[in-house]
Amino acid sequence: MSGWPARLRTLSPTTVDIGLTVLALAGQAAPFLLTSRSDGRPWTAVEFLPILLVALPVLWRRRAPVVCLLVTAVGVAAYSVVGDSGPQQPIWYGALIVMYTMAAQTPRRLRLAALVASAVGIAVIGGVFGSVAAGVREGILWGAAYALGRGAQLRRAHAAMEVERAAERERARIAREMHDILAHAVSLMVVQAEAGPVALRNGPERAEAAFDAIAAAGRDATTQLQRMVGLLREGEDPRTPPPT
């Protein structure tokens with residue numbers, strides 16, 4: 001069982017949306033498929049249409065969450081109108097999934113406007129076609145879906161912030177190492193260069209050793225800097241141009 005969360009995370013968004021749509025449609029359509037009227041007559045297409053309006057928008061919830069929420073709200077309202085002749089059951093499953101997505105993805109103003117409109121719709125439908133208890137229950141469910149969506153969005157934002165902070169700390173560490181490499185190499189090269197004229201007067205072989213030390217320090221610094229730049233490039237976005 002421990003591998004299930006990891007497997008779910010590997011599913012594509014399209015696969016997840018199809019699965020959720022099938023589950024919502026199956027849950028909402030079950031009474032139509034497993035029961036019949038008291039007189040034995042089957043349910044009509046008009047009574048079943050709101051089920052489709054509430055379940056199918058889950059397929060497009062990521063691309064147009066507000067539009068999908070509006071469609072599911074129309075489906076819920078339509079079922080309230082024809083609900084007396086159909087199976088007595090709630091059909092909120094698809095609408096709650098879309099509400100979660102809307103809360104997690106849309107900008108603040110649009111999100112709050114959709115939330116207020118949903119609250120007004122719940123109050124009107126509950127007052128006209130239902131009871132106070134049913135309206136309160138539905139309001140709690142839709143509010144919980146909204147809260148879960150906001151929590152998911154805040155968790156993603158926090159995780160992205162932590163990743164960025166870790167990247168900043170890593171960049172700062174690499175910058176310090178690059179500074180230390182340059183400072184050490186340049187200091188060594190300066191010392192050897194200052195000793196060059198003295199070594200040249202005392203003996204060519206000593207001057208040659210000083211120049212060799214300067215060259216070795218430069219090559220070593222170049223190698224280490226290339227390694228550091230390689231580490232930086234491994235962690236950057238491939239769409240960004242390489243650093244100069």
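Helix H2 (13–34) bends by about 40 degrees at glutamine 28, shortly before proline 31, where the bend is the angle between axes fitted to the seven residues ending at a residue and the seven starting there. Helices here are DSSP runs (H or I, at least four residues), numbered from the N terminus. The model is predicted: local features need pLDDT of at least 70, side-chain atom pairs count only at pLDDT 80 or more, and totals for chains, interfaces and linings use all residues. Residues are numbered from 1 along each chain as its sequence is written, and side-chain values use heavy atoms, without hydrogens and water.

**Helix H2**
- The 22 residues of H2 should span 32 Å at 1.5 Å a residue, and its end C-alpha atoms lie 31 Å apart, which agrees.
- Buried residues (under 20% relative accessible area, 1.4 Å probe, protein chains only) of H2 include Asp17, Gln28 and Pro31.

**Helix H5**
- H5 covers residues 93–105 and reaches 19 Å between its first and last C-alpha, close to the 18 Å expected.
- Ten of the 13 residues of H5 are buried, among them Leu96, Met99 and Met102.

**Nonpolar cores**
- A nonpolar core is a set of buried Ala, Val, Leu, Ile, Met, Phe, Trp, Tyr and Cys residues joined through side-chain atoms within 4.5 Å.
- The largest such core has 23 residues, and Ile51, Leu69, Val76, Met99, Met102 and Trp142 have the most contacts inside it.
- The largest share of this core, seven residues, comes from H5.
- A second, separate core of five residues includes Ile174, Ile181, Ala221 and Met228.

Key: Helix = DSSP H or I, 4+ residues; strand = E, 2+ residues; numbered from the N terminus. Expected span 1.5 Å × (residues − 1). Buried < 20%, exposed > 50% of the residue type's maximum accessible area, 1.4 Å probe, protein only.
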